[in-house]
Amino acid sequence: MSDLHSKELRLDAGHLRETIRRAAHSLGFDLCEFATISAAPHADFFDAWIDAGRAGEMSYLERNRNKRRFPALLAEASAPPFRSMIVLGVDYHQFDLPPEVRDDPSRGLIASYAWGDDYHELIRPLLYELDAVVRTQTGRTSLGKCLVDTGPVLERDWAEVAGLGFTGKNCCTIRPGMGSWLLLAIIFVPEVLVGERGSSARPLQSPISNLSISQSPTCGRCTRCLDACPTNAFVGAYDLDPQRCISYWTIEARSIIPRELRPRFGNRIFGCDICQEVCPYNRRLPERTPRIDGLRALHNRVAPLLLEGFSPAHPYWLDPRAFSEHFARSPIKRAKRAGMLRNVCVALGNWADTAAIDALALALADADATARAHAAWALGRILAKWRYQQAAMLLTTALLYEEDERVREEIHLALAM
Ligand code: SF4
Ligand code: SF4
């Protein structure tokens with residue numbers, strides 16, 4: 001390539017990047033950076049993580065390993081090859097939960113990314129709009145590949161390569177000044193958007209004074225997230241075992257939650273933010289309203305009263321249709337009604353208040369055996385705490401008709417608590 005041609009390409013790429021950044025910002029993205037397609041830096045680590053059985057019930061992570069390693073393989077054979085990626089971030093921080101809400105055992109905490117509507121559904125059309133801006137500029141007729149947490153892509157690797165932020169020991173992408181409350185999305189495109197350095201990265205500055213950070217912010221000697229995890233889910237820094245993680249169990253897994261973990265879930269019924277809440281990069285962030293309207297917190301999605309979803313007026317933990325209506329646009333529907341009822345039973349067991357008995361009696365008669373098993377556990381907790389005979393009677397009666405061996409075992413254990 002002649003020097004002149006190379007300079008023109010750099011200038012054109014620079015102009016295109018600025019056009020894309022402006023369009024991304026006006027669509028609602030807070031961050032927009034670029035990287036050249038190459039092999040994913042942590043593909044070996046990811047493969048070893050999968051081989052160690054860490055994915056658990058997330059079998060989709062085991063597929064398309066080659067595409068995860070080499071994102072160029074994501075292109076259709078008939079389309080031009082991908083050369084660049086546009087890496088985007090949406091800041092979803094809104095406010096810190098007041099302690100009196102966070103610590104109220106009669107409420108079920110929902111991870112803050114799910115306080116509004118489902119970000120996949122909100123962000124995907126915006127990615128196609130942004131790709132259309134690029135196509136208008138370059139005349140391309142094929143579509144870019146638009147992914148928001150839905151494809152075989154190591155997003156955090158590319159966020160780091162592109163200079164969006166760095167990966168913290170809590171396995172989240174952290175942007176100094178913005179923290180780790182980031183939703184990541186990527187568009188793969190055939191255009192050349194960056195020069196020889198491989199990314200559009202600009203130096204990041206850390207506002208955290210007690211971490212020794214110069215040009216490249218890091219976690220330094222901090223271990224707050226690793227120490228604060230209530231289930232000891234971190235095998236080490238940057239290494240999370242999902243099968244001990246509250247987020248995995250309350251969102252991804254469908255099966256019975258290990259008994260020894262249940263008391264550690266507290267009142268978390270969908271996801272867990274603890275390893276982010278304690279991070280100094282997330283401290284004292286100003287309250288804000290997300291720029292994408294649908295992400296705004298809905299008042300009944302932050303920490304709903306656990307018993308509300310059992311009431312005849314709103315039986316969304318019990319009735320599939322009520323659940324579908326109540327969570328129609330929410331990411332919570334991913335956990336499914338029975339999964340959420342299971343999670344709520346765990347929170348009710350941790351509350352262990354006699355006010356929950358009627359709700360747990362309904363859960364003990366649910367069509368889903370996993371939910372019934374956790375209802376039995378929760379009744380056992382109330383029985384152990386209060387010696388409340390109504391709990392014992394419900395469990396003993398359930399034994400008369402319960403046929404599922406796993407539930408029967410939970411009932412026996414509950415009666416012996
Ligand atoms: S999300 Fe919660 S349970 Fe999972 S690693 Fe973080 S602190 Fe631990
Ligand atoms: S809490 Fe500390 S160690 Fe964990 S991600 Fe934040 S800065 Fe890094």
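**Ligand shells**

I began at ligand 2, whose shell divides into seven nonpolar, three polar and two charged residues. For these classes, Ala, Val, Leu, Ile, Met, Phe, Trp, Tyr, Cys and Pro count as nonpolar, Asp, Glu, Lys and Arg as charged, and the others, Gly among them, as polar. The residues around ligand 2 include Cys219, Cys222, Cys225 and Cys279. Lys169 and Arg224 are also in the list. I counted a residue as near a molecule if its C-beta atom, placed from the backbone, lies within 6 Å of it.

I noted what I was looking at: this is a predicted model, where local features need pLDDT of at least 70, side-chain atom pairs count only at pLDDT 80 or more, and totals for chains, interfaces and linings use all residues. Residues are numbered from 1 along each chain as its sequence is written, while chains are lettered from A and ligands numbered from 1 in the order in which they are written.

Next I checked ligand 1. Its surroundings are Cys229, Thr231, Ala233, Leu240, Cys245, Ile246, Ser247, Cys272, Ile274 and Cys275. Eight of these residues are nonpolar, two polar and none charged. Helices α8 (246-252) and α9 (274-277) each supply at least two residues of this shell. Helices here are DSSP runs (H or I, at least four residues), numbered from the N terminus.

**Domains**

I looked up the division of the protein: domain 1 is 3-96 + 114-189, and domain 2 is 307-417. The bounds come from an automatic or database domain assignment. The domain centres, taken over C-alpha atoms, are separated by 40 Å. Four residues from domain 1 and four residues from domain 2 make the contact. I used the rule that two residues are in contact if their C-beta atoms, placed from the backbone, lie within 7 Å. The domain 1 side has two nonpolar, no polar and two charged residues.

**Helices around α13**

I then turned to α13 (residues 369-386). Its axis and that of α12 (residues 357-364) come within 8 Å and cross at roughly 150°. That makes α12 roughly antiparallel to α13. Axes are lines fitted to C-alpha atoms, for helices over the stretch in contact, with angles from 0 to 180 degrees between N-to-C directions. Angles under 35 degrees count as roughly parallel, over 145 as roughly antiparallel, 65 to 115 as roughly perpendicular and the rest as oblique. From α12, Ile357, Leu360, Ala363 and Leu364 meet α13 residues including Ala375, Leu379 and Ile382. The α12–α13 contact has ten nonpolar, no polar and one charged residues.

Which residues of α14 does α13 touch? I first noted that α13 and α14 (residues 389-401) pack at about 145°, with axes 9 Å apart. The contact joins Ala376, Leu379, Ile382 and Leu383 of α13 to Ala391, Ala392, Leu394, Leu395 and Ala398 of α14. By class, I found nine nonpolar, no polar and no charged residues there.

Among the contact residues are Arg372 and Trp377 of α13, and Arg406 and Glu410 of α15. This contact has eleven nonpolar, one polar and three charged residues.
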